[in-house]
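Please look over the sequence and the structure shown here, and then read the briefing that follows.

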Amino acid sequence: MRIALLATCLADALFPQAAIAMVELLERLGHEVVFPAEQTCCGQMHVNTGYLAEALAVIRHHVEVFEGYGCEAIVAPSGSCVGSVRHQHAWVARRAGDEPLARRAEAVAARTYELSELLIDVLDRRDVGAYYPHRVTYHPTCHSLRVLRVGDKPLELLRNVRGLTLVELPSADTCCGFGGTFAIKNADTSTAMLGDKMACILASGAEVCTAGDSSCLMHIDGGLSRIRAAVRTVHLAQILASTEHI
């Protein structure tokens, strides 16, 4: 299968390891991964902060870039960005009165997946040949859980990783407190929510906390580093791409 990589702003600017790992994993599974170099932001941060007019141009560019690559699927290392593509793009276009763009956005969105969705729903792969000998707990990010509804797909993939011990995260479905600009505009509330999430992660006894969004992992890692906890944060793609025994 020919798959286009939607790298996301965070991967481009701060956490390229997640996007690189996704490419390595998919190529190891025998698929061709292409990178549309013209891609920019998906527009999520514009929409979420109310800049809908500005978001429209970003969304139009996103559609133009990805519809022209002829790929069977588009994948991103971010549940929130995929959620934006699926649930915001066409809505913003229609709100602006641009029905043709809305229909084009829907066509692109129909081929856009979060990693665990692509692997299980499209490629029918649960065992990807990974090896990761660590105690791992999984944080289901809000967008993957409530917008994309990926359910247990990431957990199913983790259960098939050799050497990995999957431990339950108490109160797993509670928000970590990031929420994009929420963490800036509501810093005290965000910090309190993060404190609760860190307490649950530490209670799990895990060495590693994983998730499908670098944004949430960034927030959690910041908190854990400030208290000098031994727990690391690692993107799901990096675990699935790992073959430490080789």
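How are α12 and α13 oriented to each other, roughly parallel or roughly perpendicular? They are roughly perpendicular to each other, a term that covers angles of 65 to 115 degrees. This is a predicted model, in which local features need pLDDT of at least 70, side-chain atom pairs count only at pLDDT 80 or more, and totals for chains, interfaces and linings use all residues. Residues are numbered from 1 along each chain as its sequence is written, and side-chain values use heavy atoms, with hydrogens and water left out.

**The helix pair**
- The axes of α12 (residues 187–204) and α13 (residues 214–226), which are lines fitted to C-alpha atoms over the stretch in contact, come within 10 Å and cross at roughly 75°.
- The contact (heavy atoms within 4.5 Å) involves residues including Leu-194 and Ile-201 of α12 and Ile-220 and Leu-224 of α13.

**The whole protein**
- The secondary structure comes to 14 helices and 8 strands, which are DSSP runs of at least four residues (H or I) and at least two (E), respectively.
- Buried residues (under 20% relative accessible area with a 1.4 Å probe, protein chains only) make up 52% of the 246 residues.

Technical notes. Axes fitted to C-alpha atoms, helices over the stretch in contact; angles between N-to-C directions. Parallel < 35°, antiparallel > 145°, perpendicular 65-115°, else oblique. Buried < 20%, exposed > 50% of the residue type's maximum accessible area, 1.4 Å probe, protein only.
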